[in-house]
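Here is a briefing on the structure shown below.

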Amino acid sequence: MLFYGVLIGLLVTASAQYCYQSTSDACSSNPVKNPVECTAKFGKINDLLPDLQSYAMSSIDKSYEFLLMSSHFGSYETNREGFKKLYRKLSDKTWEHAINMIKYIAQRGGTMNFMEPPRLSNPDDLNDNSSNGKVFELIELDSLAKALDSEKQLVNKALYIHKEAQHQVNKMDAGVAHYIEEHLIEPLSESVRQLAGYSNDLKNMLTVHEHNDARGVAVFLFDEYLSKSL
């Protein structure tokens with residue numbers, strides 16, 4: 001344990017001297033033409049940046065999708081205040097995740113590449129169904145299923161990045177793994193659990209009532225519950 005502590009100390013010292021030497025050379029009587037720039041980067045952040053940037057773009061993309069779903073249920077024709085509030089809340093939360101990810105990238109010395117495409121499919125995911133279409137004018141139960149799938153895609157991508165930062169030698173970075181676990185996996189896990197519960201509750205309510213009028217009342221009552229609980 002002492003050996004690892006000394007090793008880490010030497011690496012940190014070497015890194016500091018490297019930056020110090022670079023600035024010293026730049027200010028000397030014979031300055032170096034292209035001195036190495038001192039940055040906030042450390043660890044394997046450079047290797048993980050494309051995944052982090054893509055995740056931020058995916059979160060922005062999903063935030064707009066939830067916002068469109070919220071607008072659909074907020075129209076005078078649909079008029080489902082509970083579903084409107086649910087998807088607006090999901091949109092705001094996903095947008096916040098994107099902003100926080102961009103801030104974390106900057107904190108680690110990187111820059112956000114807004115041209116990085118949003119990729120939620122993972123190379124090792126053989127059962128990926130992320131291309132489920134861009135349809136947002138859905139009935140209530142279908143919209144819950146779509147929202148649940150979207151949150152699962154986000155958390156699965158977060159788990160993939162976490163695995164890369166934990167176990168891939170060329171990408172191993174405990175700082176990134178900790179950030180992903182605390183700021184993405186934990187809140188998204190709770191969101192998945194909540195949406196799964198909503199989906200099953202509404203499905204059970206509709207299964208019990210076979211008559212169309214009764215099913216309409218069940219959806220109305222469920223929407224009222226969402227409106228008061230959110």
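A residue counts as buried under 20% relative accessible area, as exposed over 50%, and as partly exposed in between. Glu190, with a relative accessible area of 42%, is therefore partly exposed. The model is predicted. The protein chain has 6 helices and 0 strands.

**Overall fold**

- Along the sequence, the pattern of the protein chain reads α-α-α-α-α-α.
- The protein chain has 230 residues, and 37% of them are buried.

**Helix packing**

- Two packed helices are described by the angle between their axes and the distance between the axes.
- Helix α4 spans residues 140-167 and helix α5 spans residues 174-208.
- The axes of α4 and α5 lie 8 Å apart, at an angle of about 160°.
- Angles over 145 degrees count as roughly antiparallel, so α4 is roughly antiparallel to α5.
- α4 and α5 make a left-handed crossing.
- The contact of α4 with α5 involves 24 nonpolar, 5 polar and 5 charged residues.
- α5 also packs with α6, at an angle of about 150° and with axes 9 Å apart.
- α5 and α6 are therefore roughly antiparallel to each other.
- The crossing of α5 and α6 is right-handed.

**Nonpolar core**

- The largest nonpolar core holds 48 residues.
- Tyr87, Met101, Leu144, Val176 and Ile180 have the most contacts inside this core.

**Salt bridges**

- How many salt bridges does the count come to? With a side-chain nitrogen of Lys or Arg within 4 Å of a carboxyl oxygen of Asp or Glu as the rule, the count comes to 9.
- One of them joins the side chains of Glu140 and Arg80, at 3.0 Å from N to O.
- This pair links distant parts of the chain, as Glu140 and Arg80 are 60 residues apart.
- Glu140 sits in helix α4, while Arg80 sits in the loop between α2 (45-73) and α3 (81-107).
- Are Glu140 and Arg80 buried or exposed? Glu140 has 13% relative accessibility, so it counts as buried. Arg80 has 17% relative accessibility, so Arg80 counts as buried too.
- Arg119 and Glu116 form another salt bridge, with their closest N and O atoms 2.7 Å apart.
- Glu116 is buried, at a relative accessible area of 13%. Arg119 is partly exposed, at 31%.
- A salt bridge also joins Arg193 and Glu190, whose closest N and O atoms are 2.9 Å apart.
- Arg193 and Glu190 are 3 residues apart in helix α5, so about one helical turn separates them.
- Asp51, Glu164 and Lys171 are linked in a salt-bridge network.

**Single residues**

- Which residue has a positive phi although it is not a glycine? The answer is Asn79, with a phi of about 55°.
- Most residues other than glycine have a negative phi.
- Asn79 is found in the loop between α2 and α3. Arg80, the salt-bridge partner of Glu140, is in the loop between α2 and α3 as well.
- Asn79 counts as exposed, because its relative accessibility is 55%.
- Leu68 is placed in helix α2.
- At 47% relative accessibility, Leu68 counts as partly exposed.
- Leu68 and Glu137 are 69 residues apart in sequence, with their C-alpha atoms 8.4 Å apart in space.

Terms used:
Residues are numbered from 1 along each chain as its sequence is written. This is a predicted model: local features need pLDDT of at least 70, side-chain atom pairs count only at pLDDT 80 or more; totals for chains, interfaces and linings use all residues. Side-chain values use heavy atoms; hydrogens and water are left out. Axes are lines fitted to C-alpha atoms, for helices over the stretch in contact, and angles run from 0 to 180 degrees between N-to-C directions. Helices (H or I, at least four residues) and strands (E, at least two) are DSSP runs, numbered from the N terminus. Angles under 35 degrees count as roughly parallel, over 145 as roughly antiparallel, 65 to 115 as roughly perpendicular and the rest as oblique. A crossing is left-handed if the near helix is turned anticlockwise from the far one by less than a right angle, and right-handed if clockwise. Ala, Val, Leu, Ile, Met, Phe, Trp, Tyr, Cys and Pro count as nonpolar, Asp, Glu, Lys and Arg as charged, and the others, Gly among them, as polar. Buried means under 20% relative accessible area, exposed over 50%, partly exposed in between (1.4 Å probe, protein chains only). A nonpolar core is a set of buried Ala, Val, Leu, Ile, Met, Phe, Trp, Tyr and Cys residues joined through side-chain atoms within 4.5 Å.
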